[in-house]
Amino acid sequence: MRYVLRRAGFFLLTLWAAVTLNFFLPRLMPGNPAVAMMAKFHGKINGQALTALETLFGVNTKESLPAQYVDYLHDLVTGNWGTSLTFFPSPVSEVIRTGIFWTLGLVGVTTILAFILGTWVGAIAAWRRGSLIDSIAPPLLVITSAIPYFWVGMMFILIFGLKLQWLPWSGGSSITDTPALTLSYIGDVLQHAILPSLALLITTIGGWTLTMRNNMVTTLAEDYVRMARAKGLKSSRIMIDYAARNAVLPNLTGFAMSLGFVVGGAILIEYVFNYPGVGYMLLQAVQNEDYPLMQALFLLITIAVLVAILLADIATAIFDPRTRSAR
Amino acid sequence: MLEVSGLSVEYAGRKGPVHAVDDVSFSVGRGEFLAVVGESGCGKSTLLFAIARLLAPPARITGGSVTFEGHNLVTMTDKQLANIRWQNLSVVMQSAMNALNPVKSIGAQFADALAAHGMRSKKLIRSRSAEVLELVGIDKAHLKSYPHQLSGGMRQRAMIAMALLFTPDLVIMDEPTSALDVVAQRSLMTQIKELQARLGFAIIFVTHDMSLVSHFSDRLMVMYAGQIAELGTTRNIFDNPLHPYSRGLLEAFPGIRGPKAQLTGIPGSPPDLSVIHHACRFSPRCPVKLDSCMTTIPALVPVEDTQVRCLLNGADAENHGAHAENHVRLPRTTGRLPGTRRSWR
Amino acid sequence: MNSVLRTLKSNPITRSGKATAGAIILLVFIILALFPGLFARKSPTAEIYTRNLPASAQHLFGTTGLGQDVFAQAVYGTRDVLEIALGAGLASTLIAALIGVTAAYLGGWIENVLNLFTDIVLVIPLFPLLIVISAYMHNSSNGVMIAVLTFTGWSYTARQLRSQALSLKNRDFLAAAKVRGERAWYVIVVEILPTMSSLLVAAFLTNGLYDVLFASSLQFIGLGDPNSTAWGTMLYWAENNEALQAGYYLQAIVPGAAIALLGAAFALLNYAFDEIGNPALRRVPVTRRRVSFRIASRRLSRA
């Protein structure tokens, strides 16, 4: 229990750090780019929306820095995140809302799939040392983990989209379709999700498979695995209950750290496939110098990662009884 | 009950195979306590795991047979072995902290073994688990505990309890007391001996500490460099060690009573087992070696009730130039085994 | 000379096939970076050729949408990429070493503060941060890229090095140095770091790999120097040119393959280092399942 509390405390601390970083970032940049951007809004918005932006970027405001900070926090919590340039005059919060489900669907599902699949393949590769899987998988995965995400995406587009024309390779759904809970729409969405999902899967699975295999190899040499054999337990039971359960624990903590890369990969994949998620939005914002949207998305992505890490920590507490009794 | 014949084990090493166990033969009867002693690296643990068919690559059995209650364990598949495992033959390992699964409770690990051999009823599993814990003096509430929540001694006893779940005929123990302090060691040994008297199982007990087993074992097997150096009843070996290595081991332990004697160790170190030796493996360190010791591989020969692998003994002794004076006898000061009290046996 | 050959033949790198492959690839790229003129006769930036040509004897990989020779670009681009990868890799490894080892050695509140700082930086997602910072900084030369990558990339390595240093902390040779009266920085730089050399090399390789990927990704989305011929930038222009849709495949395939190859070189070397450090991971010869008393035939253990 102490462990979970400690991790929750860390979560809050890092959350505060991210929020504060978000606050200082535009103020620290050389050349004060925010000023130029604000000029674009000149005359187009006023009142609450304008003040929100001024607070966010520290432009044209007569308040002191600490006062700005407090205002900024207040705006953050109340959902007043400014107005987007790219999608003018929609407020940032609305813009994000449209994109977030696409990303959660694509990235969320694919990441969980990659983790489970990778861990499973890694466990099997280690269990059957010297077999075909073990000789092919590790070197293959070493190489695939070195391929840039976006390039895999581009190759997929080339092969499956353009040449073979098997699957659509742009957008979240066909332009002609209207969003509804009909079977045809859902089918269309799934079709559009296959290529990006596969690309993301291939590039992220390598890390987990390799670490799981390496952990598993070390675990299999442990005495308690030998003991399990001595007890006459079934092979499958030994592999899962005694070996894999112990080997996966470092992977859970590693899950947290590798999330950073997953996010990076997701952004690029969305960009390459024009998938309308928050990653694509972030890059659009960058290209349009839409700083309000950019900052909000950065914060959002960071928070999502922090939450995922906290969940992984809780999972570790559940699966590893040693953490529960730690001081 | 157990008959090991000509067992040899090899490890695939960098420079070639390492002969960890070389042509070992011995037998264990029902209810017998056989101790296997030797220094680190002499192959005793490897021998143990070979008997239980628990070796993993790069170790391999390269010859011999292990006949347990009529079945040759060496040629059996894992499926066939599964029946014998734990029900007739169980294992206790050195460090319970390493031998117990850290993420499962003690009770769950007991249940695993019980369920694997057909016990389905949860009630039955619980009651049997509680029963064996009681045997070793642990409160059954600890079935819910995890290994890291128990003390070292308790963990070790829990392991022994687990080994007795099916009251097997043979329990193999690999240095179960090495990780404990002296007091805990003693109490654990006494408990093991009591359990043996109660339940009647045989024990093969591997240790590097000769004095520990002196009190408890029926027979003693001294191993050196993968081979049997001497095999006989404990009393005989302690009273009259025939192999110079056994003598050296005994002289390294001080007696509690008796005149002060100079402690002597055995100089040198064990031989490289990746090389095939065409001589007595102990000869480089032997204080009483003959010339032929360095050119002849001594065979294991019976001398009265004991078997010994040394050219100084046996029928051919004279041929190799052994004379009466080569036999240095341990000074029989008290007629007692070292470290024992007057009321032994 | 003989002893040099012997070292070359029998050291752990050459013994592992993976490491040899990785080392050779890296070496080829280094040579390309150092002497690009030897391999590419044409200028990489001159927009004088016919646009969008396919592969031919004159243009090994065709030309770009602006009329530049793709092969020349790829060769000259090696220099940019290696500069960034090696520069940022080195810098972040050094910073990570200093922070991680100092935290481990000095202990106490310094360690707690440094640890917390490292963990926080670690957890904040790198790529979005990189994007945001690069977006603000309109200057995007190699130096800036290196600085940004270093600033965000040291934390993971710092953690690794810290745990290694922690395990070394109580060794005798460090106590001896302390008794001699050496100051903390001396002990860290002269005593501890050299002992961790293999881990430092592995960390450098990991950082190198990720720097290649991150830098190329940033360039791809347009945050790099658009006038350079780094591979990521080549892909940026290819995407702008809608090369894939139009059928000019080489413009997209070549730079991507180059990135993948260099990345693979780093990754292979890293994997081999892993195996060297942990013998349990080495390749195990297959033995037959049925027990037979003939020596089972073994596959030669190709590592």
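What follows is a briefing on selected parts of chains B and C.

Keep in mind that this is a predicted model.

- Chain B is split into domain 1, residues 2-224, and domain 2, residues 241-325.
- Their C-alpha centres are 30 Å apart.
- Where the two domains of chain B meet, domain 1 contributes 14 residues and domain 2 contributes 11 residues.
- On the domain 1 side of this contact, β2 (16-28), α8 (210-214) and β9 (219-224) of chain B each provide at least two residues.
- Of these, β2(B) gives the most, with 5 residues.
- Sorted by class, the side of domain 1 of chain B that touches domain 2 has 7 nonpolar, 5 polar and 2 charged residues.

**An open sheet in chain B**

- Four strands of chain B form an open sheet in the order β2-β1-β4-β5, and their pairing is antiparallel.
- Strands β2 and β5 (71-72) of chain B are the edges, as each of them pairs on one side only.
- Further in, β1 (residues 2-13) and β4 (residues 59-68) of chain B run antiparallel and are joined by 8 bridges.
- To find one of the pairs yourself, look for B:Glu3, whose bridge partner in β4(B) is B:Thr67.
- Helix α1 (residues 44-51) of chain B lies across β1, β2 and β4 of chain B, and runs at about 70° to β2(B).

**A strand covered on both faces**

- Strand β6 (residues 89-92) of chain B has both faces covered.
- One side carries B:Leu89 and B:Val91, the other carries B:Ser90 and B:Val92, and all of these are buried.
- Strand β6(B) runs parallel to β7 (residues 170-174) of chain B, with 4 bridges between them.
- In this pairing, B:Ser90 stands opposite B:Val171 of β7(B).

**A helix in chain C**

- The buried residues of α8(C) include C:Met145, C:Ile146, C:Val148 and C:Leu149. Also buried are C:Thr150, C:Thr152 and C:Gly153.
- These buried residues of α8(C) pack against three other helices of chain C, namely α5 (70-106), α7 (126-136) and α12 (197-220).

Notes:
Residues numbered from 1 in each chain as written. Chains lettered and ligands numbered in written order. Predicted model: local features only at pLDDT ≥ 70, side-chain atom pairs only at ≥ 80, totals over all residues. Buried ≥ 20, exposed ≤ 12 C-beta atoms within 10 Å, placed from the backbone. Contact = placed C-beta atoms within 7 Å. Domains from an automatic or database assignment. Nonpolar A, V, L, I, M, F, W, Y, C, P; charged D, E, K, R; others polar. Pairing = 2+ DSSP bridges. Axes fitted to C-alpha atoms, helices over the stretch in contact; angles between N-to-C directions.
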